[in-house]
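Here is a short briefing to read beside your sequence and structure. Have both open and follow along from topic to topic.

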Amino acid sequence: MASLEMAVVGAGSYGTCLAMLAARSGHHVTLWCRSPELASELTAGRENTVYLPGHALPQSVVVTTDLARAVAGKAVVLGVTPSHTVREVFSRAVASLASDTIVVNAAKGLEEGTLARVEEIYAEVLPAAMFERAVYLSGPTFAKEVAANLPSAIVCASRDPSSAAAVQAALSNDRFRAYTSDDVVGVQVGGALKNVIAIAAGISDGLGLGDNARAALITRGLAEIARMGTAMGANPLTFAGLSGLGDLVLTCAGDKSRNRRVGLALGRGEKLADIISHMRMVAEGVKTTRVAHDLAAKLAVDAPITDVVFDILYQDRPAADAMVDLMTRELRAELD
């Protein structure tokens, strides 16, 4: 396809790898970085040594700390900030967006306090027409592997089929394959809630509970995500796809998963505050667990794994005791 003017908002590991991907696909890319120090490093050294070391940023990617400059006149703007900053960043950016810009969300999380998905934030901060054509990315894509140009697949969800197809074409190449979906809710829910289950899987592995336990947590975690998603109006089949099962398996079992690493440390007896203090990158599942716990209560949806992770993270519940509770709950049919 023809080259597009694109912006990537957020220079963490995932934002940096998406900037690399877009540049490799032949587009003109501007990468917005909140930190002046990191922006200077990226411009001079062409490497994100903080969040994505060992991978060269293409020379064609322009780095800036000026948000208005980054997004002005761009055909596609990819939002890749942590979910808890989406409202603040796009409230500032919106005045500089072109009227025909396609805004693409790649954050995977829910907003604390409001319990909102990113699309619900977009509905409040973007013009109505821009909100209707927004696209939501999700799927099993570790930043380091995308940066290394290893084969990956993702899903682009939108209420506007032409916008989903445009983003699909813009991102796809011989090493990166994008699919489309019209299930905006399901794609976001799968991408956010899998991080909670990944913490649980990490806790299980940290406790040394074995492969059987991890497989059970992944499977029952998927059922839990599907219950919550369908209660919000998602298509249940979405959770068998890239943004559901695919992302869940990767995040629960992959060594590059930040959320799994949080769980591993908790299972080994470390305290959450100590774990977070040693992490440079955000583990979205920590904040998302609190939101998902509140959302399950609001929706009256049974979410036992989420509840257990919440108790471990926020009620200082011993991980071993919490895992026993999962095994000794009232017996039930698998498809209930």
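Contact here means heavy atoms within 4.5 Å. Please keep in mind that this is a predicted model, in which local features need pLDDT of at least 70, side-chain atom pairs count only at pLDDT 80 or more, and totals for chains, interfaces and linings use all residues. Residues are numbered from 1 along each chain as its sequence is written, and side-chain values use heavy atoms, with hydrogens and water left out. Helices (H or I, at least four residues) and strands (E, at least two) are DSSP runs, numbered from the N terminus.

**The sheet**

- An open sheet of mixed pairing is built from 8 strands, in the order E5-E2-E1-E6-E7-E8-E9-E10; two strands count as paired if DSSP finds at least two bridges between them.
- Its edges are strand E5 (62-64) and strand E10 (176-181), each of which pairs on one side only.
- On average, and ignoring direction, neighbouring strands of the sheet are turned by 25° against each other.

**Strands E1, E2 and E5**

- Strand E2 (residues 28-32) pairs with E5 in the parallel sense, over 3 bridges, and Leu 31 has Val 63 of E5 as its bridge partner.
- Strand E1 (residues 5-9) also runs parallel to E2, joined to it by 5 bridges, with Glu 5 opposite His 28 of E2.
- E2 is largely enclosed by the rest of the structure, because 4 of its 5 residues are buried; buried means under 20% relative accessible area, exposed over 50% and partly exposed in between (1.4 Å probe, protein chains only).

**Strand E8 and its surroundings**

- Strand E7 (residues 102-105) and E8 run parallel and share 2 bridges; Val 104 is bridged to Val 135 in E8.
- E8 and E9 run antiparallel and are joined by 4 bridges, with Ser 138 standing opposite Val 155 of E9.
- Both faces of E8 are covered, with Val 135 and Leu 137 buried on one side and Tyr 136 and Ser 138 buried on the other.
- Ser 138, a residue of strand E8, counts as buried because its relative accessibility is 2%.
- Leaving aside neighbours within four places in sequence, Ser 138 contacts Lys 108, Ile 154, Val 155, Val 187, Gly 191, Ser 243 and Asp 247.
- Helix H11 (residues 242-253) lies across strand E8 (135-138), strand E9 (152-158) and E10, and runs at about 145° to E9; axes are lines fitted to C-alpha atoms, for helices over the stretch in contact, and angles run from 0 to 180 degrees between N-to-C directions.

**Helices H9 and H12**

- Helix H9 (residues 184-206) packs against helix H12 (residues 258-267) at an angle of about 40°, with the axes 6 Å apart.
- H9 contributes Asn 195, Ala 198, Ile 199, Gly 202, Ile 203, Asp 205 and Gly 206 to the contact, while H12 contributes Asn 259, Arg 260, Gly 263, Leu 264, Leu 266 and Gly 267.
- These contact residues of H9 and H12 divide into 5 nonpolar, 6 polar and 2 charged (Ala, Val, Leu, Ile, Met, Phe, Trp, Tyr, Cys and Pro count as nonpolar, Asp, Glu, Lys and Arg as charged, and the others, Gly among them, as polar).

**Cysteines**

- The structure holds 0 disulfides, a disulfide being a pair of cysteine sulfur atoms within 2.5 Å.
- For Cys 17, which is in no disulfide, the nearest cysteine sulfur is that of Cys 156, 14 Å away.
- Cys 252 is in no disulfide either, and its nearest cysteine sulfur, that of Cys 17, is 20 Å away.
- Cys 17 is buried, with a relative accessible area of 0%, and Cys 252 counts as buried at 0% relative accessibility.
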